[in-house]
Number of protein chains: 2
Amino acid sequence: MPGKRIRVKAPATVSNLSCGFDVIGLALDEPFDIVDLELTDSPTVVIDDIRGCSTLSRDPEENVVGAVLKAAIVMAGRHAGFRVSIEKGIRPGSGIGSSGASAAAAAFGANLLLGEIFTPVEMVMLAMEGERLASGSAHADNVAPALLGGITLVRSYDPLDIVRLHVPSELCCVVIHPETEIKTSVARGLLDRHVPLATAVKQWGNLAGLVAGLYREDYDLIGRSLTDFVAEPKRSVLIKGFDQLKQSALEYGALGAGISGSGPSVFALCRGGDTAAAVMKGMSEAMKLPGIGFDAYMSPVSRRGAQVC
Amino acid sequence: MPGKRIRVKAPATVSNLSCGFDVIGLALDEPFDIVDLELTDSPTVVIDDIRGCSTLSRDPEENVVGAVLKAAIVMAGRHAGFRVSIEKGIRPGSGIGSSGASAAAAAFGANLLLGEIFTPVEMVMLAMEGERLASGSAHADNVAPALLGGITLVRSYDPLDIVRLHVPSELCCVVIHPETEIKTSVARGLLDRHVPLATAVKQWGNLAGLVAGLYREDYDLIGRSLTDFVAEPKRSVLIKGFDQLKQSALEYGALGAGISGSGPSVFALCRGGDTAAAVMKGMSEAMKLPGIGFDAYMSPVSRRGAQVC
C-alpha cells in the first residue's frame, strides 16, 4: 500500500566478544539508529534526510539504508520503492555496529511495509547488503543481533545459519567509545591471514566456554572465557590507552573486557547494573589519562533488536 | 591403609566430535578398561598383569597406568605405592581413548585408595601424565570425559579448566573401529601447523553451534554443527572407506559423523537408540566394501565416567 509509513529503530551491537571473532554479536538497548520509511509505488529509493551525521551520503547507491532497501525490492519482486529519512544515533566508525544498525532498521522496516514477506534469515541477508556496501564484506555479526536482539551466533554463512543464544538475566554491557576512528579495513589488515593451529584451538576452547557460560548463567565461566588470542593482540595497539581501560574494567568488577568489533570502542561485560555502573565510572576515569574525548554507554542486552518506535 | 583394594572401570571416549578438535570429548558406556588397584606401603608401582592386550608393557615406566600412579604418589606426597592389574577392554590405537581410559581408571582408583585427596581437576592432571607417556602430549580431551563422564570441554590448559557440558537426553553414539591402527603421531603430522583464519572462524562457528545445540537439546543444530574443516579433510585419507562409512551413517539417520580422535574409529551421533541401532547396522554394512574387520559399538553418553565396579 503506497503511502504507508513506519518508524523503526535498531540498536548498537558489540561483535566478537573477545573469543567469538567474526561469529558472535550482542545487541545493546542504546544507542540506536532510527529510520522512517514510506512505501512508494516507484521502484526507487529516495533518502530525504540524514540527521545526526554529516558525513554519510544521501545517494542510495552509496548509503547503507539505500543498499538494503534496493535489495529488498529485488528480493520482494514487487513494483515498489521507499522514501526514507535516517536519524543516526550511532557514530560511524565507532565499532559498535553503526552501519549494521541502519541496515537492520532498513531491513526490518522494509519487511513490515511489504507485508512481512521475509523470514528472519532473509532480513539478515538483506541487512548484510548494507554491510557489503559499508565495509566490502557482507558480514552478519552486527546485523544479526541488531535485527533479532540478544546474543547471536553466525554458525555458518553457507547456508546462512543464525543461532540466538541464551542471554543470562543479569548480563550488562559497558561501552567506551573514544573519539578516534578506526577503519574496519585497517583493523582487518592487521590480522594474520593464518593462525597457528594451537592458537585457534585456544580461541575455540574459549568460545565454547563462553557459549556454555551463557546457557549455564555461569558468570565466572563467561569471564574466564572472554580472552582473545587472535584479534586483540594485533588490534589493541590502535586504541590509545587500551590496556589501562581493560585493566580498569577488571578492577571495577567486569567479567571481562575487550575490543568491540574492530574498535575503537572497548566493551566490558558485567554481572548486574550496579557493577556495570561502577565499571563505566572506572573506565571513564581511565580515559582521562590519554586525554581523548569519549562517549560512555551502559546497557542490558537488548532482547528485541530492531523494532517499531 | 596398605592392603586396601579397589576395582575401577573407565570408559572409551570420542574426542573432537568433528568441530571440537582438541577440546571436546564424550564418554561412552562401553567398551571400558578395568584396573584393579591395591595400596601398598612401598613407594613403587607394580603391574602384576595385563589382560586383553599382549602389546602393552608391564614396566611401570612404560605403562600409562604406571605413569599415572607414580604421579599420584608424588602429588600425594605420601609414602605409598600400588600393585595393579589391568584388563584392557579398549584396543590401543583405536582412536576411542584406550590410553585415556586406563589413565582415568588409575587416577580415579588412586584417589579413592589415598582417601579422596584429589580434586576432579587434579585427577585429570594425573591422568594426563598417562597421555603424556602414550602420545608425547599431555592432552585432556579423552581423560576428562573418561574420568568425569558426559561431554567435556577443555576450555584451557593454563590453568586447566574443564567444563562439563549439558548432555541431551536422547543422544546416542555409534562407533565403528576398523581393524587398522593409526598412530596419533602420524595423524597429527598430517595437520597443517597453521590454519587460514577464515577456516578457523568456520570451525569455531560450528563448535559454538554444537555447544548451543547440546544445551538447547536441539538435535538439528547439533547435526548441522558436526562439520570439521580442520582435521577430517587431512586425516580421512588414512581410513579406508571413510566416505562411504560417513555417507551410510547419514543415510541411516545420524545427526552427523566423523573421525573419533585421530582415528581409525569413526563415530556417529544419533537421536535415540532406535536410530543408533539402524545407523550401526548401516555403517557395518558399509564396512563390507573395504573388506576390513571391525568392531561396532553403540552406547548412550555415559553420565558417570570412571567408577568403582
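This is a predicted model: local features need pLDDT of at least 70, side-chain atom pairs count only at pLDDT 80 or more; totals for chains, interfaces and linings use all residues.

Chains A and B meet through 33 residues from chain B and 33 residues from chain A, and a strand from each chain takes part in an antiparallel pairing, β8 of chain A with β8(B). Within chain A, the domain assignment gives domain 1 (5-165) and domain 2 (171-300).

- On the side of chain B that touches chain A, two or more residues come from each of β5 (151-157), β6 (160-165), β8 (194-196), α6 (197-216) and α7 (219-225) of chain B.
- The element that gives the most to this side of chain B is α6(B), with 13 residues.
- Sorted by class, the side of chain B that touches chain A holds 19 nonpolar, 8 polar and 6 charged residues.
- Strand β8 (residues 194-196) of chain A pairs with β8(B) in the antiparallel sense over 3 bridges, and A:Val195 stands opposite B:Val195 in β8(B).

**Domains of chain A**

- The C-alpha centres of domain 1 and domain 2 of chain A lie 24 Å apart, and the contact between these domains takes 23 residues from domain 1 and 32 residues from domain 2.
- On the side of domain 1 of chain A that touches domain 2 of chain A, β1 (5-15) and β2 (24-40) of chain A each supply at least two residues, with the largest share, 5 residues, coming from β2(A).
- By class, that side of domain 1 of chain A has 10 nonpolar, 11 polar and 2 charged residues.

**An open sheet in chain B**

- In chain B, 4 strands form an open sheet in the order β9-β10-β7-β11 with antiparallel pairing, and its edge strands, β9 (256-259) and β11 of chain B, each pair on one side only.
- Neighbouring strands of this sheet are turned by 20 degrees against each other on average, direction ignored.
- β7(B) and β11(B) pair in the antiparallel sense over 7 bridges, and B:His177 stands opposite B:Asp295 in β11(B).

**Helices on the sheet**

- α9(B) packs on the sheet, where it touches β7, β9 and β10 of chain B, and its direction makes about 5 degrees with that of β10(B).
- α10(B) lies across β7, β10 and β11 of chain B and runs at about 15 degrees to β7(B).
- Helix α10 (residues 273-286) of chain B has 14 residues and reaches 20 Å from its first C-alpha to its last, close to the 20 Å expected at 1.5 Å a residue.
- The buried residues of α10(B), among them B:Val279 and B:Met283, pack against β7 (171-178), α9 (242-251), β10 (266-271) and β11 (294-300) of chain B.

Note on methods. Residues are numbered from 1 along each chain as its sequence is written. Chains are lettered from A and ligands numbered from 1 in the order in which they are written. Two residues are in contact if their C-beta atoms, placed from the backbone, lie within 7 Å. Ala, Val, Leu, Ile, Met, Phe, Trp, Tyr, Cys and Pro count as nonpolar, Asp, Glu, Lys and Arg as charged, and the others, Gly among them, as polar. Two strands pair if DSSP finds at least two bridges between them. Domain bounds come from an automatic or database domain assignment. The expected span of a helix is 1.5 Å times one less than its number of residues. A residue is buried if 20 or more other C-beta atoms lie within 10 Å of its own, exposed if 12 or fewer, and partly exposed in between; C-beta atoms are placed from the backbone. Axes are lines fitted to C-alpha atoms, for helices over the stretch in contact, and angles run from 0 to 180 degrees between N-to-C directions.
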